[in-house]
Amino acid sequence: MIDNFEKTYPKFKQLLKAVEEFRTYITNNRNLIPNYGERYRHGEAIATGFVESTVNQVVSKRFCKKQQMQWSKRGAHLLLQTRVKTLNRELGSVFKQWYLDMEVEETPAAA
């Protein structure tokens, strides 16, 4: 059925490019992609609907209703500190100090 697919499918080059980009994405992000089968077998949550709902509410409030986000100097400073700790792979250890039972898995930096 797929004999001469490259010649008979008019958008083969676009399909090939999309597949290659998807493979690159998976390869570059494999440490961040959860194994849902393993999570399910261990009784862990595999649904993200509650997170998506929260994000949608925030996005709707900020963009659909045209409300502007305003940062206080303190809030902007705290956000920047959090971002720097994330980039330096230090945020997990901060949470570990707050929650001693928390297991922290720092992912290696992307190449």
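These legends describe close-up views of one predicted model.

Local features are taken only where pLDDT is at least 70, and side-chain atom pairs only at pLDDT 80 or more, while totals for chains, interfaces and linings use all residues. Residues are numbered from 1 along each chain as its sequence is written, and side-chain values use heavy atoms, without hydrogens or water.

View 1. Helices (H or I, at least four residues) and strands (E, at least two) are DSSP runs, numbered from the N terminus. Along the sequence the pattern reads α-α-α-α-α-α. Of the 111 residues, 5% count as buried. Buried means under 20% relative accessible area, exposed means over 50%, and partly exposed lies in between (1.4 Å probe, protein chains only). The protein exposes about 10,900 Å², with 57% supplied by carbon and sulfur atoms. Accessible areas come from the Shrake-Rupley method with a 1.4 Å probe; for residues, only the protein chains shown count as cover. Among contacts with a separation of 6 or more, 9% join residues 24 or more positions apart. A contact means heavy atoms within 4.5 Å.

**View 2. Confidence is highest in helix 2 and lowest in helix 4.** The score is pLDDT, the predictor's confidence in each residue, from 0 to 100. Helix 2 has a mean of 90. Helix 4 (residues 49-64) has a mean of 69. The protein as a whole has a mean pLDDT of 78, and 77% of its residues reach 70 or more. Where pLDDT is low, predicted coordinates should not be read in detail.

**View 3. F5, Y9, L15 and V19 make a nonpolar surface patch.** The patch covers about 320 Å². Patches are made of residues with over 30% relative accessible area and no salt bridge; like charges are joined within 9 Å, and nonpolar side chains (Val, Leu, Ile, Met, Phe, Trp, Tyr) within 5 Å. Y9 sits in the loop between helix 1 (5-8) and helix 2 (12-29). Its relative accessible area is 34%, so Y9 is partly exposed.

View 4. A salt bridge is a side-chain nitrogen of Lys or Arg within 4 Å of a carboxyl oxygen of Asp or Glu. By this rule the count is three. An α-helix has 3.6 residues a turn, so residues three or four places apart point the same way. E21 is partly exposed, because its relative accessibility is 48%.

**View 5. E44 and R39 meet in a salt bridge.** The N to O distance is 3.6 Å. E44 counts as partly exposed at 42% relative accessibility. R39 is also partly exposed, at 29%.

**View 6. E90 and K85 pair in a salt bridge.** Their side chains meet at 3.7 Å, N to O. E90 is partly exposed at 33% relative accessibility. K85 is partly exposed too, with a relative accessible area of 32%.

**View 7. R89 follows helix 5 with a positive phi.** R89 is not a glycine, yet its phi is about 60°. The residue lies in the loop between helix 5 (73-87) and helix 6 (91-98). At 34% relative accessibility, R89 is partly exposed. Helix 5 has 15 residues and should span 21 Å at 1.5 Å a residue; its end C-alpha atoms are 21 Å apart, which agrees. The expected span is 1.5 Å times one less than the number of residues.
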